[in-house]
Amino acid sequence: MADALTAPVAATPARADGALRETAALVAVWGTAALIAGVFLWILGELVWNGVGALSWEYLTSAPREAGRAGGIAPILVSTLAILGVCLAATVPIAFGSAVFLAEYTSDAGRFGRVVRTSLDVLAGVPSIVFGLFGNAFFCRTLGLGFSILSGGLTLACMALPLVIRSTEEGLRAVPREYRMGAAALALSRTTTLFRLLLPAAVPGLTAGLVLGIGRALAETAALIFTSGYVDRMPSSLLDSGRALSIHVYDLSMNVAGGDRNAYASALVLVGLLLLVNGVAGALSALWRRRLAAP
Amino acid sequence: MTKPAQKPVLEFGTVKPGARPWAPLEERPKCCEPRPFVRTEGLSVFYGSRAAIREVSLSVNRGCITALVGPSGCGKTSFLCALNRMTDLIPGAKVYGRVELSGEDILDAGADVVALRRRVGMIFQKPNPFPLSVRRNLELPLREHGVRDRSAIEEKVERALRDVGLWEEVKDRLDAPAQALSGGQQQRLCIARALALDPEALLFDEPCSALDPLAAGVVEDRIASLRGRYSVVIVTHNLAQARRIADWVALFWMIDGAGRLVEYGSSKAVFEAATHPITAAYISGIRG
Amino acid sequence: MPHPGRDRALLWTLRLFAVSSVAIVLLVVAFVSGESAPALAEVGPVRFFSDPSWHPASGFFNMVPMLAGTVLVSAGALLLAAPLGVLSAIFLQFYAPPALRSYWRNLIGLLAGIPSVVYGFWGLVSLVPLINRLHPPGQSLLAGILVLALMVLPTIALLSDAALESVPAHYLRSAAALGLSRWGTVSGVVLPAARGGILTGVALAAARAVGETMAVLMVCGNVVRMPEGLFDPVRTLTANIALEMAYAGSAHRSALFVSGLALLAIVALGAGFSEAARRKVVANG
């Protein structure tokens, strides 16, 4: 729209200095875009170029040897998914409950709603390493969970919460007000209105929130170092320490001489997982929207 | 547009060829003797510190169609919303005074809002079918209010759809999304949805103003056909519409920054022998 | 009439969930300050600035070099990322061919989604050797700034994009009616109108930069010393926690929590400032 409005204007002859400025701006803007795209391709290309050779079915299904220099990442994948599972199990109910509360029961001026919203803003700004400190002090020590998948997952849940709540709340607020009025005029209970009308219509927002949360949890490293720990054996319970994929990348590249090759492969797997989550969620969301919308 | 071009334009509405557009009003209401259904006493609605309406006292008669007319922003919709407590949903809205339904004050904190809204349904300016199938739109409120029996539901669905003249149009696509219907069909579906709950009264908030003229005519006919069976209150900007369908007319006007009731009486009295100068000016198109 | 009971139960359940978000914030603040209390009591706040060095095992707790590291890396990254991010948004809204736009949004979204450990790894294996060739050792303030700038760029780009998008269309129409050129419209009308949203984006990016751990940990060299130039290694507060937490004894551990508390304070201050700035911008129209 902006383009259609401004394009013919830009084509009108201007004074010489104006034309010069216009050209300079054009070069700067396109140059920036090219730079960003170039660096992106550089990162991705480097990961794929160096990582894809080490990647194999065996790499995904065998245990690491020699501190990760050889062998695969099977126990690490299991730990990563277990941490993610714990995180989601804690996040989803709390986030959906809070989001519904914020969107449906509080106004922007309400006091309790304001307290909750401010808390979430604070939580969203807390650096992940501080969450790591908190998780270590609270989950590992005070609750006695030790270095474990449970501690790590719960710490991640605290981090993901504000993201998921925000996005879910926005999804709910985007549901047209007419539905609520219509439902009230038909004397439907708020429970029915919520579960039959609002939540189904808000599914794209919910999915977006979940994807953000999963993305954050998968990508996180700093908060896990002192909560879920480094142990790269196959975990046998949620109370075992388990090494997440992101920590594996870190450890291989920083602490293990000659671990670069496998670090590339692990980083590629990590990025691949994130892309997969994004892609699947995008497809689901589109499908849902098509089902909901009028043909 | 696939319709044949020679289709008569004026096939809708109550205007018959040859009739004068504003036929003289017969002394309605016959079907509804003036027996009050809802009575308001000193009803005021505030949004924050601003009064939308102030001190409105009015009786809506049972079985009649009552039209609320007046320029925009003079509180007609606020008055309407107070009648079934939709004002509860508007943040910052406060309602004072009395609204009496069957002798009970529905503004009372202990009043049963759910029961009230079942008795007094509402239809909005913009058709608002839920994003469900046609059938589910009607089923959802029925089930919510305790109708579980399949055949009873089907019967009520069909009756409500027939009542608004939609049955023949949608009976083969009851499971299609309601939002695939045309605007006029959607609005009639919303009316059917309210009728399915067997209300005593229906409130209409400018039900035709978001529709094209043809669809508006059809919807208007359906509303007119409710006379005698339901008490109807309809907000409209369209004086001609009020003249066509209303038994009673209430004129709201903005006075001192708040909506006030200026004149209320039978349609004939208001349109042909208005007592208040504002009414006379408004009716004749001088003001407003 | 089953609703009122069911509705009340629902409301209380929802309230309970909402309260738990507040509880987590309180817990975070309580535990981080609780764990730092011993160090603050024994060492006192002054010695974190005045001690001769950072050797917690020997009882020296000078955090200034790490504080400086955090500030320098973050400021450098922002200086670099802010103009690039805004230009990216301008590209998207006013210069990119329509067919390219959705791809560009996706690309920025992907950049935002790449884990920090992957950025750090990439910096370590490709950027650091390049810088090393220019000026050893390679792991340096400069490497940190470059990697961090890349990481916060998507935040600024996405929020600036949203800010530009929300500029009312009639501004653009009247700019066009006045015969403004494309860049004239952008610099004269759009950027001033969107500056509140852009500032919010930069502030969020600043918070993210200050709090970032893994990427800076991997490329900055982590020497506890005041850097004298772009090519000197630095250690940030966050990297310090990540490096030393594993073997920290009790006083040391408490001191690390103090630096965590300091990070919280910096982020909270920044949020306060940006909120105040945003209000002022909004108030000034």
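Predicted model: local features only at pLDDT ≥ 70, side-chain atom pairs only at ≥ 80, totals over all residues.

Student: Why is A:Asn136 called buried?

Tutor: Buried means under 20% relative accessible area, exposed over 50%, partly exposed in between (1.4 Å probe, protein chains only). A:Asn136 has 4%, so the residue is buried. A:Asn136 lies in helix α6 (residues 128–142) of chain A. Helices here are DSSP runs (H or I, at least four residues), and strands are runs of E, at least two, numbered from the N terminus.

Student: Which residues does A:Asn136 touch?

Tutor: Contact means heavy atoms within 4.5 Å. Leaving out residues up to four places away in sequence, the partners are A:Arg141, A:Phe147, A:Phe226, A:Thr227, C:Met245 and C:Arg253.

Student: How many residues does each chain bring to the contact of chain A and chain C?

Tutor: Chain A brings 81 residues and chain C brings 78 residues. The buried area is about 7000 Å², with 81% from carbon and sulfur atoms. That area is the accessible area (1.4 Å probe) that two parts lose on being put together, summed over both.

Student: What does the salt-bridge rule find across that interface?

Tutor: The rule asks for a side-chain nitrogen of Lys or Arg within 4 Å of a carboxyl oxygen of Asp or Glu. Between chain A and chain C it finds 0 salt bridges. On the side of chain A that touches chain C, there are 59 nonpolar, 15 polar and 7 charged residues. Ala, Val, Leu, Ile, Met, Phe, Trp, Tyr, Cys and Pro count as nonpolar, Asp, Glu, Lys and Arg as charged, and the others, Gly among them, as polar. Helix α2 (residues 16–51) of chain A gives the most to that side, with 18 residues.

Student: What makes helix α3 of chain B mostly covered?

Tutor: In α3(B) (residues 134–144), 9 of the 11 residues are buried. Among them are B:Val134, B:Arg135 and B:Glu144.

Student: How many residues of chain C count as buried, as a percentage?

Tutor: Of its 285 residues, 52% do. Chain C has 11 helices and 2 strands.

Methods: Residues numbered from 1 in each chain as written. Chains lettered and ligands numbered in written order. Heavy atoms only, no water.
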